[in-house]
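Please open the model in your viewer and keep the sequence panel at hand.

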Amino acid sequence: MPTIQLKAMTRELCHELYKHWTNDASIYMDMHLFQPYVYDEAAVNRYFDMKGQDASRRLFAIMLGDKVIGELQLKQIDHDKKECSLSIHMQNDAVKGRGYGTQAERLAVKTAFDELGMAAVNADTIRKNTRSQHVLEKVGFRFVGEDETFKYYRIEQ
């Protein structure tokens, strides 16, 4: 299997990601909110500026060779509590189900522990997104609870 890498997200990589983006119905609990994605240069710039200026967040491009295939964030970074949350989104169905997300999550957990000094990483997933739940469990996250919308997971060093 080809190896992926996490690279600090740049504006250019963010645009490359979203030029080929497809919204995934499995991450919408309320299907009335689901709409096909249409690339919008100004919207991507606003998104990148907003996420990039958040000091409690690290934004990564998931790279397969020189091609961006997804986005991963370590967010809600709390240095006092030594924990953060993981968020991952793969670009489209062509790169899902191939192990790239699993590799990216493993790299993110290692980054959180080794580079950021975190003791725990949290994650959540929409209840119906069983693919994401499977990947979290495969990486070593343990299920810690749920509500009407989300299932919650945690991995500790």
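Which residues does R131 touch, not counting residues up to four places away in sequence? Select R131 and look for K96 and G97, which are its contacts (heavy atoms within 4.5 Å). This is a predicted model, in which local features need pLDDT of at least 70, side-chain atom pairs count only at pLDDT 80 or more, and totals for chains, interfaces and linings use all residues. Residues are numbered from 1 along each chain as its sequence is written, and side-chain values use heavy atoms, with hydrogens and water left out.

Remain at R131, which belongs to helix α4 (residues 130-139). Helices (H or I, at least four residues) and strands (E, at least two) are DSSP runs, numbered from the N terminus. The C-alpha atoms of R131 and K96 are separated by 9.5 Å, and the two residues are 35 apart along the chain. R131 has a relative accessible area of 45% and is therefore partly exposed; buried means under 20%, exposed over 50%, and partly exposed in between (1.4 Å probe, protein chains only).

Next, select strand β2 (residues 58-64). Five of its seven residues are buried, so β2 is largely enclosed by the rest of the structure. Two strands pair if DSSP finds at least two bridges between them. Strand β1 (residues 4-8) runs antiparallel to β2, and five bridges join them; L6 has I62 as its bridge partner in β2. Strand β3 (residues 67-78) also pairs with β2 in the antiparallel sense, over seven bridges, and here A61 stands opposite E71. β2 and β3 form a hairpin with two residues between them, and G65 in the turn has a positive phi of about 65°.

Continue to Q76 in strand β3. Q76 has a positive phi of about 50° although it is not a glycine, and its relative accessibility of 53% means that it counts as exposed. K82, in the loop between β3 and β4 (83-90), has a positive phi of about 60° and is likewise not a glycine.

Now select helix α1 (residues 11-19). Its buried residues are L13, C14, H15, L17 and Y18, and their cover includes β1, α2 (41-52), β2 and β3.

Finish at helix α3 (residues 100-114), where eleven of the 15 residues are buried, among them Y100, A108 and F113.

How values were computed. The expected span of a helix is 1.5 Å times one less than its number of residues.
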